[in-house]
Amino acid sequence: MGVAQKQTYLPFARPDIGQEEIDEVVDTLRAGWLTMGPKTAKFEQEFAACVGAGVSAIAVSSATAGLHLALEAVGIRDGDEVLTTPYTFTATAEVTRYLGARPVFVDVEPQTLCIDPRRIEAAIGPRTRAIIPVHLGGIACDMTSILQIARRRNLRVIEDAAHAFPTTHAGRLIGSLESDATVFSFYATKTLVTGEGGMVVTRDAAIARRCRTMRLHGIDRAPFDRTSSAEPHWRYEVIAPGFKYNMTDIAAAIGLQQLKKVRRFQQRRAEIAAAYDHGFHDLPVTLPAVPPMGDLHAWHLYVLRLNPDAPLSRDAFIERMEQLGIGTSVHFIPLHVHPYWRDAFGLRPEDFPVAYQEHLRAVSLPIYSRMADADVARVIDAVRGLLA
Ligand SMILES: *Cc1c(COP(=O)(O)O)cnc(C)c1O
């Protein structure tokens with residue numbers, strides 16, 4: 001037997017599930033109400049209270065479902081155009097296609113990799129109805145500029161906040177701004193997990209109501225309301241051909257306990273980001289942008305960018321990290337280079353040069369609350385060993 005101990009693999013992402021989540025799920029299983037019910041309602045109330053500003057929260061089966069519902073609720077239809085960024089996951093844009101609308105991509109700012117507000121107006125045409133900003137990695141977009149443009153040009157704003165809980169812009173939590181709706185993801189790798197799940201948050205009562213109806217077959221009353229209403233328990237009305245997008249109480253049980261820990265999780269990720277920044281400051285890399293003083297970054301992702309003078313290519317870097325037992329990823333391969341988006345809309349890589357060029361040198365490092373200090377040190381050592 002050799003003396004050298006092979007280190008265990010450090011995964012790129014890992015959920016932080018404690019005994020509290022396990023107990024809450026077991027409680028749900030014992031209670032016997034498995035689908036959307038009292039725990040989902042409680043999760044919605046507590047999430048809404050956490051965001052503040054009097055928002056309503058509608059729990060759904062995924063952020064993709066939530067984005068679809070929000071676009072439907074603001075009236076996006078066949079032939080409409082929706083502005084968004086190519087530097088995102090395909091879900092952001094695919095939901096426009098569900099409604100017969102199409103995305104019009106706008107390039108990103110090189111620092112934050114978020115939609116560049118200075119390029120938005122040039123992309124607005126007679127069929128443009130909405131903007132979907134994406135808070136990339138957990139840093140807020142320039143929402144002040146985006147909301148100003150939207151107000152002036154009469155556009156709806158649906159925030160893709162899949163990475164952005166908790167994130168603030170100008171001191172206010174994402175979800176509490178003047179957008180029409182904001183959509184969070186609780187997918188297994190995100191900053192709050194329910195396995196699969198999402199939340200639509202809005203201050204607009206009509207949007208909230210439409211999302212509630214359409215998440216459950218277009219039925220105007222949810223099953224758990226029927227138990228506590230003056231109406232006969234069996235009566236309901238179908239008012240539209242809705243979807244099956246509700247959350248389950250099993251998922252909500254996990255979410256309820258995760259919500260209590262979310263600030264601690266965020267602090268730990270911010271600590272890891274600070275350690276990385278310090279560890280890499282003298283390397284041929286571009287560090288992730290940081291928000292203005294006092295604003296919160298959710299740090300869902302830590303996207304490092306290799307500079308042209310780095311001693312090895314991004315692809316070789318990823319391969320070497322893998323050999324060292326450290327998981328990494330790339331966020332994102334821009335949508336306009338994927339075959340579907342490229343061919344359906346005749347897009348070329350150079351159409352969005354910032355998104356295209358930046359993704360070629362981007363690599364996401366592990367950043368999650370369950371990483372021990374030794375794990376963080378190991379990543380820093382590995383990166384320095386390859387790039388110093
Ligand atoms: C994960 C993600 C989504 C989709 O979230 P789901 O809950 O998996 O549907 C949407 N947009 C972005 C930017 C994402 O990263």
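Mentor: Helices are DSSP runs of H or I with at least four residues, strands are DSSP runs of E with at least two, and both are numbered from the N terminus. This is a predicted model, in which local features need pLDDT of at least 70 and side-chain atom pairs count only at pLDDT 80 or more, while totals for chains, interfaces and linings use all residues. Residues are numbered from 1 along each chain as its sequence is written, and side-chain values use heavy atoms, with hydrogens and water left out.

Trainee: In which loop is Trp 299 found?
Mentor: Trp 299 is not a glycine, yet its phi is positive, about 50°. It is buried, with a relative accessible area of 6% (buried means under 20%, exposed over 50%, partly exposed in between, with a 1.4 Å probe and protein chains only). Trp 299 sits in the loop between strand 10 (285-286) and strand 11.

Trainee: What is the relative accessible area of His 217?
Mentor: His 217 also has a positive phi without being a glycine, near 65°. It lies in the loop between helix 7 and helix 8 (223-226). His 217 counts as partly exposed, because its relative accessible area is 37%.

Trainee: What is omega of the cis peptide bond that joins His 331 and Phe 332?
Mentor: Phe 332 lies in the loop between helix 10 (314-323) and helix 11. For the bond between His 331 and Phe 332, omega is about -5°.

Trainee: How many aromatic pairs are there?
Mentor: Rings of Phe, Tyr and Trp (its six-membered ring) pair if their centres lie within 6.5 Å; planes under 30 degrees apart count as stacked, over 60 as edge-to-face and the rest as tilted. Counting by this rule gives 15 aromatic pairs.

Trainee: How many residues apart in sequence are the parts that Phe 165 and Phe 184 tie together?
Mentor: Phe 165 and Phe 184 form an edge-to-face pair, 5.4 Å centre to centre with 70° between the planes. Phe 165 is buried at 4%, and Phe 184 is buried at 1%. Phe 165 lies in the loop between strand 5 (156-160) and strand 6 (168-169) and Phe 184 in strand 8 (residues 181-185), so the parts tied together are 19 residues apart.

Trainee: Which elements do the buried residues of helix 4 pack against?
Mentor: The buried residues of helix 4 are Ala 91, Thr 92, Ala 93, Val 95 and Thr 96. They pack against helix 3, strand 2 (81-84), strand 3 (102-105), strand 4 (128-132), strand 5 and helix 11 (339-345).

Trainee: What is the distance between the centres of domain 1 and domain 2?
Mentor: The protein chain is divided into domain 1 (19-258) and domain 2 (262-387), with bounds from an automatic or database domain assignment. In contact (heavy atoms within 4.5 Å) are 39 residues of domain 1 and 35 residues of domain 2. Taken over C-alpha atoms, the centres are separated by 26 Å.

Trainee: Which residues lie nearest the centre of the largest pocket?
Mentor: The largest pocket has a volume of about 710 Å³. Its lining draws at least three residues from each of domain 1 and domain 2. Of the 43 lining residues, those nearest the centre are His 163, Tyr 187, Thr 189, Lys 190 and His 300.

Notes: On a 1 Å grid over the protein atoms alone, a cavity is a set of points where a 1.4 Å probe fits but cannot get out, and a pocket is an open set with protein on both sides within 12 Å along at least five of seven lines; lining residues have an atom within 4 Å of a point. Grid points are joined across faces, edges and corners, and a volume is the space filled by probe spheres set on the points.
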